[in-house]
Amino acid sequence: MRTGIHNYSEIGKLNKVLLHRIGSEIEGLVPDNFARLLFDDIPYIKIAQEEHDGFANLLRENGVEVVYYVDETTKALTNPQVKEEFLRTFIKESNLNSRAAEEAIFDYLNSMETREMVEKIIAGVKKEEVPKFETKSFADYISSVYPFYMDPMPNLYFTRDPGACIGDGINIHHMSTQTRRREALLLQYIYKYNRDFADENDMLWYDYNMDYSIEGGDVLVLNKNTIAIGLSQRTTAAAIERFAHNILGRDQFKRVMVLDIPKSRAFMHLDTVFTMVDYDKFTIHPEIEAPLRVFEMKMDKEKNVCFDSMTDTLPNILKKVLKLPAVELIRCGGDDPMAAQREQWNDGSNTLAIAPGKVITYERNYVTNDLLEKSGVTVLPIAGSEISRGRGGPRCMSCPVNRDDLD
């Protein structure tokens with residue numbers, strides 16, 4: 001089995017996954033900022049941590065190596081020069097108001113041990129924590145009532161989005177919102193400087209500094225030949241085209257399938273409405289089933305990306321590209337429109353496959369879970385009363401690094 005990054009499917013046995021254990025960054029959420037920080041509510045940290053630990057333990061019980069963002073970032077920053085470079089870049093991304101504030105915060109953070117520093121930048125840097133400094137900045141004066149110099153990163157436990165491990169390489173994403181952009185910066189340094197995570201041969205398909213937004217919840221590796229990407233609220237057509245140009249012809253992949261989904265928060269990413277659970281089975285939200293537009297990108301003989309519409313039904317398209325005799329779409333909430341809406345909001349379609357036909361879901365989505373089991377899928381449910389408040393399910397909370405190849 002290849003070590004490092006290796007991921008040629010959505011359902012191959014999961015060997016290694018990158019998570020982030022929820023920390024005090026959640027306590028930085030208040031009604032004045034949680035909408036801007038992309039939350040609809042404030043999770044109760046004690047229960048949220050218990051639920052997340054339950055998720056991680058279930059993965060371990062099923063033979064998955066679990067690694068965490070704080071640990072992997074700390075390993076990447078062991079060289080003092082790399083740590084300083086990272087910290088200055090991170091501070092620049094935090095949109096501070098003055099050079100004096102930047103220098104004061106750099107001195108404050110750089111004086112910490114590396115792990116403590118990583119935990120602090122994720123938790124957010126409060127003004128009361130930084131030694132006083134002189135500033136004549138009007139912007140500093142205007143923002144003086146806001147408690148943070150550097151916002152917390154409460155979305156980091158959705159580790160799917162900052163990057164995606166695809167084939168023997170990785171995307172490090174240009175996130176759609178400024179709120180989440182710094183998450184991908186952590187992953188960039190993990191990829192560049194942590195050889196336990198990625199080795200020298202692991203490719204970079206999309207770079208943190210590229211211009212167009214793309215997020216990992218929109219990226220599904222269907223098999224060794226086919227990648228599906230959602231054209232969504234947070235992933236742009238230009239980013240998809242750039243990604244396709246970078247990966248097609250440089251790996252085994254032959255096509256990028258683009259699924260045009262509604263541009264709304266309820267349908268935030270492709271994996272909130274569509275996931276793969278077995279060789280021939282998929283979850284789907286009923287509202288996207290019929291009107292969905294699908295496109296196919298390929299590389300022509302001149303090494304240019306060309307594209308065309310795929311005009312058949314989604315099951316027929318999946319049968320064709322995956323070379324299957326039949327495909328089953330399992331509807332989130334079944335045929336009950338209210339159950340479909342309720343369980344869609346609580347990520348009933350957002351399953352994490354840890355082996356073919358074996359998935360982790362939220363226990364609260366009991367209608368969809370029952371339908372999965374009736375279709376022969378093994379369901380491993382986890383509690384999610386608090387972690388679901390961030391609007392993401394088990395797939396959102398995980399970044400698979402290494403899977404077994406499918407037969």
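E241 sits in helix 8; helices (H or I, at least four residues) and strands (E, at least two) are DSSP runs, numbered from the N terminus. Before going further, some housekeeping. This is a predicted model, in which local features need pLDDT of at least 70 and side-chain atom pairs count only at pLDDT 80 or more, while totals for chains, interfaces and linings use all residues. Residues are numbered from 1 along each chain as its sequence is written, and side-chain values use heavy atoms, with hydrogens and water left out.

Back to E241. Its relative accessibility is 38%, so E241 counts as partly exposed. The scale is as follows: buried means under 20% relative accessible area, exposed means over 50%, and partly exposed is in between, with a 1.4 Å probe and protein chains only. Leaving aside neighbours within four places in sequence, E241 is in contact with M297 and V305, where contact means heavy atoms within 4.5 Å. E241 and M297 are 56 residues apart along the chain, and their C-alpha atoms are separated by 8.1 Å.

Strands 13 and 14 form a hairpin with five residues between them. K303 lies in the loop between these two strands. K303 is not a glycine, yet has a positive phi of about 65°. Is K303 buried or exposed? Its relative accessibility is 55%, so K303 counts as exposed.

There is another such residue, K323. K323 is not a glycine either, and has a positive phi of about 55°. K323 is in the loop between helix 10 (314-322) and strand 15 (328-331). K323 counts as exposed, at 68% relative accessibility.

**Strands 11, 12 and 15**

F282 stands opposite L329 in strand 15. Strand 12 also has strand 11, residues 274-278, as a partner, in the antiparallel sense and over four bridges. Strands 11 and 12 make a hairpin with two residues between them, and D278 is opposite K281 in strand 12.

How are the two faces of strand 12, residues 281-284, covered? K281 and T283 are buried on one side, and F282 and I284 are buried on the other.

**S232**

Next, the loop between strand 9 (226-231) and helix 8 (237-247), which holds S232. S232 is buried, at 6% relative accessible area. Not counting residues up to four places away in sequence, S232 touches D218, I261, K263 and M268. For a sense of distance, S111 is 121 residues from S232 in sequence and 41 Å from it in space, C-alpha to C-alpha.

**Helix 2**

Now to helix 2, residues 69-76, which is mostly covered, with six of its eight residues buried. These are Y69, V70, E72, T73, T74 and A76. The buried residues pack against strand 1 (14-19), strand 2 (65-68), helix 3 (80-92), helix 5 (114-123) and helix 7 (178-193).

**The whole chain**

Finally, the totals. The protein has twelve helices and 19 strands. Of its 407 residues, 61% count as buried. Among contacts with a separation of 6 or more, 72% are between residues 24 or more positions apart.

The C-alpha atoms fill a box of roughly 70 × 50 × 40 Å along the principal axes. A compact globule of 407 residues would have a radius of gyration near 22 Å, and the 21 Å of this protein agrees with that. That radius is taken over C-alpha atoms, and the globule rule is 2.2 Å times the number of residues to the power 0.38.

That is the end of the tour; I can take questions now.

How values were computed: Two strands pair if DSSP finds at least two bridges between them.
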